[in-house]
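Hi,

Here's the structure I promised to pass along.

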Protein chains: 2
Amino acid sequence: MTRLHPDVADVSSPADSPAETVADAIESDLLLVEHEFSAFLAARRAEAAGYGDGYVRLWQSVTESARGGKRLRPRLVLTAYHGLNGGGNRSDAVQTALAFELLHTAFLLHDDVIDGDTVRRGRPNVAGEFSADALFRGADEPRARLWGQSAAILAGDLLLHAATQRVARLTTPEPSRSLILDLFERAVFVTAAGELADVGLAAGLSDGRIDDVLAMTEEKTAEYTVAAPLAAGAALARADPELRDLLAGYGRLVGTAFQLGDDLLGVFGEEAVTGKSASSDLRQGKQTSLIAFARGTREWPAIQPLLGHPDLSAAEAAAAGAALERCGARAFVNSLIATHVAAAIATLDSPLVPADLAATLARLAHSCVGRTS
Amino acid sequence: MTRLHPDVADVSSPADSPAETVADAIESDLLLVEHEFSAFLAARRAEAAGYGDGYVRLWQSVTESARGGKRLRPRLVLTAYHGLNGGGNRSDAVQTALAFELLHTAFLLHDDVIDGDTVRRGRPNVAGEFSADALFRGADEPRARLWGQSAAILAGDLLLHAATQRVARLTTPEPSRSLILDLFERAVFVTAAGELADVGLAAGLSDGRIDDVLAMTEEKTAEYTVAAPLAAGAALARADPELRDLLAGYGRLVGTAFQLGDDLLGVFGEEAVTGKSASSDLRQGKQTSLIAFARGTREWPAIQPLLGHPDLSAAEAAAAGAALERCGARAFVNSLIATHVAAAIATLDSPLVPADLAATLARLAHSCVGRTS
């Protein structure tokens, strides 16, 4: 039966429309991801009302922390899924996309606790909001910090659980369903390894050579940000295992390049654009690619004393940035990004990758160069 | 076909043997839970080797922290499952039992971070072990604490995810499968609410009236410890929804009684038996049922100044205990336990509950009275 008046609001099966392009399908599904995310948070805020004001505020704060993300991971799931001609169960692609965003938000929440950060995306994060509230209500500083940290740990737990619940409830038939669970399991396992390595480096318990920093970067960021979302989208589109692995390999390279760009923004970025303090990496003594390079240069004695000081001034941060520029660290990291991007694009040169998808992913890889936010 | 020589080592389907009692089946499945738990941890330790020494040590430390538990939650899943004549998918009952133990271990890890505890079950916990290691390797105190806390947050995340993965991979048909996911989701949601309320009470941000403390106790402990495991076992045995709800109701009462017993042990327990410092509740200023009662008595001025001091001496802890005894708080909590136990046993008086299961659960309820560990 021909539908003469296709209903624009009927987004549940737009793939039925032959006129829908891949790009349209991705954008339309990203709206569904937003809608599902909002509906989930609204339901939780409502349920929390039965458990006291604090719990309602926790879910309100989680709602805030979910705002303003780039939704990069959902976009990648959907890019692979639709770029490989989707089919199968499209609503499962939306659910998987949301699962990765929930996972990302959970990781951010716990990463902030680990780093002692109270600001994220230019706003107080869950820990920051709860600490401020406790101080306002007369708690002393240690108790307020504890309250903030506890709230953020619990918020992360709730979103991590919600992410896995989404994947658990997929209805796509085997082996896709188990594959997505495997990819998710691996992403959590590898990300935790990278996060632990990051803390160990920052605490001065490991060396911080450039190889260690690159391995940590790939583990902490690239796996769950790019490799796993692309592989999951491919699994849902029932792609060949070889193609799935190829996309994951591309993802590790691009994800690493993306994070190396973050290392640059963490020192040279505009706070007003990035929404993140341009001195926080230095204050926390993060062992980034910049620092790993600088360690072997003559500027190191000027840089080292400035690292890891919680009360680093803006002038000191600027001085450290200038030294990192002079010693060639900035140029080195830019060249690392270029190498990774080139290697990523080279992996796409395979008859397995449809031309349109290859073009989209090549554009994505290039966007890692010269980031400003 | 009659099996003349049933193979004792074939534990995958012992329910086929008509000679196996319910008690045998539970004990046999608890061994399988132990075996699966060990195999999971061994696999993770082996995989971690690809991600550096720190990650291997994290999984070793998680393995340690999993030892010595009472395995109460797995036992309850299996008690309900076999007590309701099991059937269905027995290996799913084992997986669900393990999932609750993984969840419990994850909650303990994060609870310890929130409480700042570095000892659990008489041994250094993950945070304690990692902090000590960092100090040994020359880190200063704040960095060592950060390293310990970060390791424990990540360990909890990994086990929380592993718990949900187990449930996600159940093969029991619908609606049981979704029911177990629902029960798990609710358990995490309610437990987080209770944990947040607990921190709020300890931080002095809430009143700490006895009703608040009882609600917090039910949320933080009873739901995931007793109510959800029993309901999950019943769901796997395809029990009536009414019976499932009855068991969950029983579970909330018994779980609360169990935690009230913990409140008593936290002040009056023998450290050598409980494996937990008998002054930590006081040092942390926990708003337990004892404290909520004492607040309205004439002993309060003697007790209040002793609460929440990190360096409380053994003599001061003993003085606080004596005052809690004198003011009637200990007797009051004992009477609360008795009331909860009686109410729990009353719920079992239903034709829906098989007599043997009712007897087992009545014994369990009685065991909450007069606990020493």
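Predicted model: local features only at pLDDT ≥ 70, side-chain atom pairs only at ≥ 80, totals over all residues.

**Rings and core**

How do the rings of B:Phe40 and B:Trp59 sit relative to each other? Their centres are 5.9 Å apart and their planes make an angle of 80 degrees, so this is an edge-to-face pair (planes over 60 degrees apart count as that). The two residues are 19 apart in the chain, and the pair links distant parts of it: B:Phe40 belongs to helix α1 (residues 22–48) of chain B, while B:Trp59 belongs to helix α2 (residues 53–66) of chain B.

Over all chains, the count of aromatic pairs comes to 20. There's also an aromatic cluster with members from both chain A and chain B: A:Phe40, A:Tyr51, A:Tyr55, A:Trp59 and B:Phe189.

Now the core. The largest nonpolar one has 242 residues, and B:Trp59 is among those with the most contacts inside it, along with A:Tyr55, A:Trp59, A:Leu324 and B:Tyr55. What does B:Tyr55 touch, leaving aside residues up to four places away in sequence? On chain A, the list is A:Phe189, A:Ala192, A:Ala193 and A:Leu196, and on chain B it's B:Ala48 and B:Leu158.

Last, a charge over a ring: the charged end of A:Arg330 sits over the ring of A:Phe268, 4.1 Å from its centre. In chain B, the charged end of B:Arg330 sits over the B:Phe268 ring, with 4.1 Å to the centre.

Cheers

Notes: Residues numbered from 1 in each chain as written. Chains lettered and ligands numbered in written order. Heavy atoms only, no water. Phe/Tyr/Trp six-rings, centres within 6.5 Å; stacked < 30°, edge-to-face > 60°. Helix = DSSP H or I, 4+ residues; strand = E, 2+ residues; numbered from the N terminus. Lys NZ or Arg CZ within 6 Å of the ring centre and 35° of its normal. Core = buried A, V, L, I, M, F, W, Y, C linked by side-chain atoms within 4.5 Å. Buried < 20%, exposed > 50% of the residue type's maximum accessible area, 1.4 Å probe, protein only. Contact = heavy atoms within 4.5 Å.
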